[in-house]
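Please work through the following exercises with the sequence and the model side by side, trying each task before reading its solution.

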Amino acid sequence: MAELTIGLEATLTIAVDTAKTAAAVGSGSLPVYATPMLIAAMEEAACQAIAGGLGEDETSVGTRVDVEHLAPTPVGGTVTVTARLTGIEGRSLTFAVEASDTASQVARGVHTRFLVQATRFMDKAARRLG
């Protein structure tokens, strides 16, 4: 079983290139950091924050994302993404997530993950195929 504590945190630094833009991933037409890529980075940071506290065959899955994308970051910019564990309720984990670039805060929000046994979870997923 996980041994996690409030305050666990991880930070990622993302270089915005053309592959990470809204135009490239289909979430818009402009060459700025795409919201789906930003959210993926926030989820990755949350996973990294708790990685050291997970038990054998234990992982987490994302169940909710509530993020405000506040400002655009163009290609060539750098975004710093942080996830901090703020709540533990049974197997549900809540993270404060935020991102900034050299100019200002880019995004902020809340991300929820759920602790699962990887083998059991994948067996359940496979059964959905029939």
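**Exercise 1.** Find the helix in which Thr 119 has its place, and decide whether Thr 119 is buried, partly exposed or exposed.

*Solution.* Thr 119 belongs to helix α3, where helices (H or I, at least four residues) and strands (E, at least two) are DSSP runs numbered from the N terminus. This is a predicted model, in which local features need pLDDT of at least 70 and side-chain atom pairs count only at pLDDT 80 or more, while totals for chains, interfaces and linings use all residues. Residues are numbered from 1 along each chain as its sequence is written, and side-chain values use heavy atoms, with hydrogens and water left out. Buried means under 20% relative accessible area, exposed over 50% and partly exposed in between (1.4 Å probe, protein chains only). The relative accessible area of Thr 119 is 45%, so Thr 119 is partly exposed. From C-alpha to C-alpha, Thr 119 lies 26 Å from Ile 6, and 113 residues separate the two in sequence.

**Exercise 2.** Work out which strands β4 pairs with, and in what sense.

*Solution.* Two strands pair if DSSP finds at least two bridges between them. Strand β3 (residues 78-89) pairs with β4 in the antiparallel sense over 9 bridges, and Arg 84 has Ala 96 in β4 as its bridge partner. These two strands form a hairpin with 2 residues between them, and Gly 90 in the turn has a positive phi of about 65°. On to the next strand: β4 and β5 (residues 105-117) also pair in the antiparallel sense, over 9 bridges, with Ser 92 opposite Phe 114 in β5, and their hairpin has 4 residues between the strands. In a regular strand the side chains alternate between the two faces of the sheet. In β4 (residues 92-100), the covered face holds Leu 93, Phe 95, Val 97 and Ala 99, whereas the uncovered face holds Ser 92, Thr 94, Ala 96, Glu 98 and Ser 100.

**Exercise 3.** Identify the buried residues of helix α2 and say how they are placed around its axis.

*Solution.* The buried residues of α2 are Leu 38, Ala 41, Met 42, Ala 45, Ala 46, Ala 49 and Ile 50. They cover an arc of only 165° around the axis (taken from the directions from the helix axis to the C-beta atoms), which puts them on the same side of α2. The buried residues of α2 pack against β1 (9-15), β2 (58-69), β3, β4 and β5, contact meaning heavy atoms within 4.5 Å.
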